[in-house]
Amino acid sequence: MKIAVLAGDGIGPEITEQAERVIAALAQDGLRIETERALVGGAAYDASGDPLPESTLKLCEKSDAILFGAVGGPKYDALPRPKRPEQGLLRLRKHFDLFANLRPATVFPELAHASTLRPEVVAGLDILIVRELTGDIYFGQPRGVRTNEAGEREGFDTMRYAESEIRRIAVIAFEAARKRGKRVCSVDKANVLETTQFWRDIVTDVHQQHRDIELSHMYVDNAAMQLVRNPKQFDVIVTGNMFGDILSDEASMLTGSIGMLPSASLNARNFGMYEPIHGSAPDIAGKGVANPLATILSLAMLLRHSLGQEAAAQRVETAVRKVLAQGLRTADIAEQGKRTVGTREMGDAVIAAL
Ligand code: IPM
Ligand code: MG
């Protein structure tokens with residue numbers, strides 16, 4: 001089994017290095033797995049003028065899964081859109097048709113204090129956001145800036161969803177719910193937007209084949225409010241690309257530790273790209289203080305979803321829980337005044353706990 005490692009920018013290289021060390025430890029124990037690195041994002045732009053060079057795509061194509069760090073940084077903000085680091089990410093999603101984005105938000109008991117919400121509101125939280133990732137206003141055409149009939153310049157994007165796109169993500173959500181709390185909440189803005197009324201109709205229709213799962217619908221503004229009011233009411237949330245982008249950032253902060261949250265982006269063949277939810281954190285890049293646990297937990301998701309290595313996945317997750325129980329904390333999840341460890345030390349601890 002081969003994993004393409006695309007570290008990217010900012011803290012990306014530091015955190016993926018720890019995941020690579022975990023992979024090496026698993027390989028030593030007999031898992032037949034190897035890694036190969038390639039450039040993406042700003043790092044790739046610097047080297048080749050393209051945030052997703054052909055050589056990187058080639059490597060991903062011959063791999064079984066992609067482990068992704070993070071992309072972006074202030075240095076690249078002024079570049080024309082096609083050259084920006086984020087384009088590397090968006091093009092990878094589109095190229096491999098990674099339409100199913102799974103973003104779990106779980107609160108580790110040891111870290112309930114880290115949330116800005118009261119511990120009793122978030123303790124035991126375990127929700128899964130299923131975000132559609134290759135459609136919606138992110139990719140809809142036409143888009144751009146033009147001069148309108150009144151002679152004024154206007155910016156425009158197109159929100160659109162094809163029936164097949166809605167059907168396949170709804171199926172993913174119902175199937176995911178079946179392995180969890182058996183409840184799906186579909187989030188839309190059906191009171192205003194045609195596209196999302198259509199979304200609601202199709203999700204309701206797909207539900208006919210998944211009657212053992214409870215389906216509810218919620219408007220996105222209410223969902224944003226309910227997520228901070230009473231987040232434990234949710235099991236699986238399914239929503240479109242843009243609402244999912246926003247709600248998943250909100251949900252991650254409920255856990256108080258964006259540095260802990262993994263994600264998976266899958267296509268219909270279970271090929272996937274796995275990445276921490278947090279970004280490239282340019283402010284702490286290169287300092288050896290970033291939390292590598294979200295990336296290591298993303299590796300666990302990779303082992304489970306793309307490589308079918310459930311036992312290895314659980315081994316990695318158990319090791320992470322163990323180091324938290326031992327009291328090891330990087331700065332982002334530490335209680336004030338308590339001792340912290342650096343990126344590499346955290347990696348060492350996970351490998352020891354394996
Ligand atoms: C995410 C990010 C990306 C997105 C950006 C970096 C393009 O915010 O993965 O949530 O908007 O999808
Ligand atoms: Mg986002």
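1. Contact here means heavy atoms within 4.5 Å, and by that criterion Asn291 touches Ile15, Gly259, Met260, His278, Thr330, Asp332 and Ile333, with residues up to four places away in sequence not counted. The model is a predicted one, in which local features need pLDDT of at least 70 and side-chain atom pairs count only at pLDDT 80 or more, while totals for chains, interfaces and linings use all residues. Residues are numbered from 1 along each chain as its sequence is written, and side-chain values use heavy atoms, with hydrogens and water left out.

2. Asn291 is placed in the loop between strand E12 (272–276) and H10, where helices (H or I, at least four residues) and strands (E, at least two) are DSSP runs numbered from the N terminus. With a relative accessibility of 4%, Asn291 counts as buried (buried is under 20% relative accessible area, exposed over 50%, and partly exposed in between, with a 1.4 Å probe and protein chains only). The side chain of Asn291 makes a polar contact of 3.3 Å with the side chain of Thr330, and another, of 3.1 Å, with the side chain of Asp332; such a contact is a pair of N or O atoms within 3.5 Å, and within protein one must be able to donate a hydrogen and the other to accept it, residues adjacent in sequence counting only if both atoms are side-chain atoms.

3. Ser298 belongs to helix H10 (residues 293–305) and is buried, at 0% relative accessibility. A polar atom of the Ser298 side chain lies 3.2 Å from the backbone oxygen of Glu275, and Glu275 is also among the residues that Ser298 touches, together with Leu67, Pro262, Ser263, Tyr274 and Pro276, not counting residues up to four places away in sequence.

4. For helix H6 (residues 163–178) and helix H7 (residues 194–207), the axes come within 9 Å and cross at roughly 50°, which makes H6 oblique to H7 (angles under 35 degrees count as roughly parallel, over 145 as roughly antiparallel, 65 to 115 as roughly perpendicular, and the rest as oblique). The residues in contact include Ile166, Ile169 and Phe174 of H6 and Phe198, Trp199 and Ile202 of H7.

5. Asp157 sits in the loop between strand E7 (153–156) and H6, and is partly exposed, with a relative accessible area of 46%. Asp157 touches Ile137, Pro142 and Arg143, again not counting residues up to four places away in sequence, whereas Arg183, 26 residues apart from Asp157 in sequence, is 33 Å apart in space, C-alpha to C-alpha.

How values were computed: Chains lettered and ligands numbered in written order. Axes fitted to C-alpha atoms, helices over the stretch in contact; angles between N-to-C directions.
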